[in-house]
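Please open the structure in your viewer and keep the sequence beside it. Each stop on this tour names what to select and then says what is there.

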Amino acid sequence: RDARRAELAVREAAAAATLRETGLRLRARRTQAAAQLATAITERLRGLGFARAGFDVALSDTAPGPSGMDAVEFGFAPNPGEPNRPLRRIASSGEISRVMLAVKSVLADHDRIPVLVFDEIDANIGGETATAVGARLADLARTHQVIAITHMPQVAAWGRAHYAVRKRVAGNRTRTAIDRLAESARPEELARMLGGRSVTSLVLQHAQELLQKAGAARR
């Protein structure tokens, strides 16, 4: 029994050494990739309404497991002068959506998740940023099925399909209906999103221009 225990101890030590060596090699590659990923995502964030935001990827020791010996934490600082803090703790839903859009657009060629849903991606952004967000979503849709819930016509114009969601009260019950709009109905819906209830010819013309520009850019 003692001989068997000694043999197993030697094998255990060898396995632990191999594990550590492999884990350190993986950490070296991760460290290099983390810097590249942080830089690429920060650049994408610049065009999504975070002109001076910071993003980083931090590695820390953890118990060895199937994914190696590193714990990975995304850090985010949406405002200048603030330190990076864990993204999962500080970002609002709208910020999370735009950060995730930046992440997914950087990793588009490597990501195996087929369907992406972005909710409140238009929170606290203006028209120019909304157009950039729409363009980035359309670019991501070349490799993924993308669903975006938005109130911004500048974002909606980039979709290949537009669904209108409406609520109505019938029999003291609130019911929700979702309808796919025909292409001919999209300008009017975008005009309603632009101008509320008063859809003028000028607003309608603006909506048509949004669709035309987005369509031309997608080709």
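Begin by selecting Glu 189, which counts as buried at 7% relative accessibility, where buried means under 20% relative accessible area, exposed over 50%, and partly exposed in between, with a 1.4 Å probe and protein chains only. Before going further, note that this is a predicted model, in which local features need pLDDT of at least 70 and side-chain atom pairs count only at pLDDT 80 or more, while totals for chains, interfaces and linings use all residues. Residues are numbered from 1 along each chain as its sequence is written, and side-chain values use heavy atoms, with hydrogens and water left out.

Arg 166 is partly exposed, with a relative accessible area of 41%. The pair links distant parts of the chain, since Arg 166 lies in strand β6 (residues 163-170) and Glu 189 in helix α6 (residues 186-195), 23 residues apart. Helices (H or I, at least four residues) and strands (E, at least two) are DSSP runs, numbered from the N terminus.

**The first helix and the sheet**

Next, select residues 2-46, which form helix α1. This helix has 45 residues and reaches 64 Å from its first C-alpha to its last, close to the 66 Å expected at 1.5 Å a residue, the expected span being 1.5 Å times one less than the number of residues. Among the buried residues of α1 are Ala 34, Leu 37, Ala 38 and Ile 41.

Then select the open sheet of three strands, which has the order β1-β2-β3 with antiparallel pairing; two strands pair if DSSP finds at least two bridges between them. Its edge strands are β1 (54-65) and β3 (85-86), each of which pairs on one side only. Nine bridges join β1 to strand β2 (residues 68-77), and Ser 60 has Ala 71 in β2 as its bridge partner.

Where do Asp 61 and Arg 27 lie? Their side chains meet in a salt bridge (2.8 Å, N to O). Asp 61 lies in strand β1 and Arg 27 in helix α1, so the pair ties together parts that are 34 residues apart in sequence. Asp 61 is exposed, with a relative accessible area of 62%.

Now select Asp 70 and Arg 30, which also form a salt bridge, with the closest N and O atoms 3.0 Å apart. Here Asp 70 is in strand β2 and Arg 30 in helix α1, 40 residues apart. Asp 70 counts as buried at 9% relative accessibility, whereas Arg 30 counts as partly exposed at 23%.

**The nonpolar core**

Finally, select Leu 45, Phe 55, Phe 76, Leu 101, Phe 118, Val 133 and Leu 137, which touch the most other members of the largest nonpolar core, a group of 29 residues. A nonpolar core is a set of buried Ala, Val, Leu, Ile, Met, Phe, Trp, Tyr and Cys residues joined through side-chain atoms within 4.5 Å. Helix α1 gives the most to this core, with five residues. Apart from it lies another core, of 11 residues, including Ala 156 and Leu 190.

Notes. A salt bridge is a side-chain nitrogen of Lys or Arg within 4 Å of a carboxyl oxygen of Asp or Glu.
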